[in-house]
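My notes follow in the order in which I checked them.

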Amino acid sequence: MKILFFSICLASTIAHNVVAQTNRSAADQQHEKKKNHGNEFPNFDRSLPLEDRVDTTANVSFGDFDGDGHLDLLLVKGRHWPIVDRVLLGDGKGGIRKAHDLGKVADRSYTGGVADFNEDGFPDIAISNDDPDRKLIYVNDGKGNFNVASEFGRPEWPTRNLSIADVNGDHRPDLILANRGNRQNTSNYVCLNNGKGQFDAPCMAFAPYPATTIYATDMNNDGLIDLLVPHRDGGQSYAYLGNADHTFADTHRIPFGPPNATIRQAAAADFNGDGLPDIVTIDEKKGVNLYLGQNNKTFSEGISLANATTVPYALTLAHLNNDKKMDIIVGHVEAPSTVFFNDGTGRFKSISFGDAKGTVYGFAVGDFDEDGAVDIAAGRSEATNVLYFGSGKLKN
């Protein structure tokens, strides 16, 4: 496994947590083991191909679709070419016990968002589709079988990925759609769940520029959902702050990143432990960058975690090594993926995993084989989809 080291603190280096076992008592060794438990780094050397076929998969999601207590997988396929999405049912031991098509519709899918949209207690699926396909809600019968129940948005929208959040505070999952249309004539949308998984009210337009992903979170701890909308095609990105009227106005937004960004994804967390939200982005021309939150509610200039020599294409955040510090996972174009392990001060140690085939479009994170270690599923285009099992620790 190739190991690289990065730090956003120029005057610092990553300290090696090597425990010297020689000439120590058993009590000393046990104390050191407990102290360093959170600093152990898993690797992802063991993997499982999720399918034999190679196609244009755009994303992957976890959920317990059949109610057996074990994680299952949804492979979202198509992008610009119609393909039927697939459901893979897990056996709780890291294997796939059964697989079937999500439905009968072959469409140009990007995201399969998982939530209980119709409030029956079972996880349903929202599929975001590119123009000219309908955007669909599939409801679950509780056994992992799905049927189309409703639509959202408009078929002609060039929708890429969607996010799920309770935007208006009614305790129902709503949808946020990222549209990559013409720079001069496009908008992104919020589609509210009217109950029972219906999205028949007109969606609300905001952020009038092309985007492929939108990240939903409460960045300022006011109890309202905020939306990070990265510009995909050479413009300024913004964090849209939520209002009491549940709208996202241009007058209530904060810029982040360069004015000519080509950012595929952005995500937010407090990476350096100062209590302020930070933003990490993947830009196909500028690489992986971190923008630190500042006391005046703005964001710093970008701090490079990786340049664009290896083009980044997928991003997710997760706690991977039990230290309660948010880590960063990045997928690439024809290169292995990378985990940036965070030490809690905004410094990172990184490892690579997987092969250099195809392009990673999306990740799902969860303990699929139920061994206590976090696993990573990668949805890839022009390569097989793969599940990487977390295990072991990074040797210093």
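I call a residue buried when its relative accessible area is under 20%, exposed when over 50%, and partly exposed in between (1.4 Å probe, protein chains only). The model is predicted, so I note that local features need pLDDT of at least 70 and side-chain atom pairs count only at pLDDT 80 or more, while totals for chains, interfaces and linings use all residues. Residues are numbered from 1 along each chain as its sequence is written, and side-chain values use heavy atoms, with hydrogens and water left out.

Entry 1, disulfide. I searched the whole structure for disulfides (a pair of cysteine sulfur atoms within 2.5 Å) and found one. C191 is joined to C203, S to S 2.1 Å. C191 sits in strand β13 (residues 188-191) and C203 in the loop between β13 and β14 (204-206), twelve residues apart. Strands here are DSSP runs of E, at least two residues, numbered from the N terminus. The link of C191 and C203 is right-handed, with 105° about the S-S bond. I looked up accessibility as well: C191 is buried at 1%, and C203 is buried at 18%.

I counted a salt bridge where a side-chain nitrogen of Lys or Arg lies within 4 Å of a carboxyl oxygen of Asp or Glu. The whole structure holds 19 of them.

D369 is buried at 10% relative accessibility, whereas R46 is partly exposed at 43%.

I then checked D66 and R97, where the closest N and O atoms of the salt bridge are 2.4 Å apart. Because D66 lies in the loop between β3 (55-63) and β4 (72-77) and R97 in strand β6 (residues 96-101), the pair ties together parts 31 residues apart in sequence. D66 is buried at 12%; R97 is partly exposed at 47%.

The side chains of R79 and E382 form a salt bridge at 3.9 Å, N to O. I place R79 in the loop between β4 and β5 (86-90) and E382 in strand β28, 303 residues apart. R79 is buried, with a relative accessible area of 8%, and E382 is partly exposed, with 46%.

Notes. Helices (H or I, at least four residues) and strands (E, at least two) are DSSP runs, numbered from the N terminus.
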